[in-house]
Amino acid sequence: MEISSLDDFFISVHYDRMIEVTRLDGKKYWINPHQIENMENNPDLTLTLLSGKKVVVRETPQEVVDKIIAYRKRIGGFSQEL
């Protein structure tokens with residue numbers, strides 16, 4: 001990821017440690033995927049974090065799972081699980 005502005009720097013810092021999701025109002029939000037306890041689709045996707053906080057997002061469950069898988073590949077998480 002090329003960093004050419006402060007916004008790019010902010011995104012790159014979060015890119016390494018979190019996944020990006022979109023709230024219903026269109027705002028981007030970054031979540032630590034290790035903190036997601038469960039996901040409930042009713043009809044919008046609600047992520048429940050270990051803290052009990054709930055975040056409603058525009059993404060589908062499969063999109064969130066795909067983002068978690070991509071994140072775990074970036075950090076080498078799958079190599080430790082084999």
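1. Basis. This is a predicted model, in which local features need pLDDT of at least 70 and side-chain atom pairs count only at pLDDT 80 or more, while totals for chains, interfaces and linings use all residues. Residues are numbered from 1 along each chain as its sequence is written, and side-chain values use heavy atoms, with hydrogens and water left out.

2. Fold. The protein has two helices and five strands. Their order from the N terminus is α-β-β-β-β-β-α. Helices (H or I, at least four residues) and strands (E, at least two) are DSSP runs, numbered from the N terminus.

3. Totals. Of the 82 residues in the protein, 26% are buried. Buried means under 20% relative accessible area, exposed over 50%, and partly exposed in between (1.4 Å probe, protein chains only). The accessible surface is about 5700 Å², and carbon and sulfur atoms hold 53% of this surface. Areas come from the Shrake-Rupley method with a 1.4 Å probe; for residues, only the protein chains shown count as cover. Among contacts with a separation of 6 or more, 35% join residues 24 or more positions apart. A contact means heavy atoms within 4.5 Å.

4. Core. The largest nonpolar core has 11 residues: Ile-19, Val-21, Ile-31, Ile-36, Leu-45, Leu-47, Leu-49, Val-55, Val-57, Val-64 and Tyr-71. Two or more residues each come from β1 (19–22), β4 (45–49), β5 (54–57) and α2 (61–75). Strand β4 gives the most, with three. Such a core is a set of buried Ala, Val, Leu, Ile, Met, Phe, Trp, Tyr and Cys residues joined through side-chain atoms within 4.5 Å. Beyond its neighbours within four places in sequence, Val-64 contacts Ile-19, Met-39, Leu-45, Leu-47 and Glu-59.

5. Glu-59. This residue sits in the loop between β5 and α2. Glu-59 counts as buried because its relative accessible area is 9%. Its side chain reaches the backbone nitrogen of Thr-22 at 3.0 Å. The Glu-59 side chain also makes a polar contact with the side chain of Lys-67, at 3.5 Å. A polar contact is a pair of N or O atoms within 3.5 Å; within protein, one must be able to donate a hydrogen and the other to accept it, and residues adjacent in sequence count only if both atoms are side-chain atoms. Neighbours within four places aside, Glu-59 touches Glu-20, Val-21, Thr-22, Leu-45, Val-64 and Lys-67.

6. His-34. The loop between β2 (28–31) and β3 holds His-34. His-34 is partly exposed, at 41% relative accessibility. Its side chain and that of Tyr-71 are joined by a polar contact of 3.2 Å. Not counting residues up to four places away in sequence, His-34 touches Leu-50, Tyr-71, Arg-72 and Ile-75.

7. Surface patch. Met-39, Val-65 and Ile-69 make a nonpolar patch of about 190 Å². Patches take residues with over 30% relative accessible area and no salt bridge; like charges are joined within 9 Å, nonpolar side chains (Val, Leu, Ile, Met, Phe, Trp, Tyr) within 5 Å. A salt bridge is a side-chain nitrogen of Lys or Arg within 4 Å of a carboxyl oxygen of Asp or Glu. Met-39 lies in strand β3 (residues 36–41). With a relative accessible area of 32%, Met-39 is partly exposed.

8. Cis peptide. The bond from Asn-42 to Pro-43 is cis, with omega near -25°. Pro-43 lies in the loop between β3 and β4.
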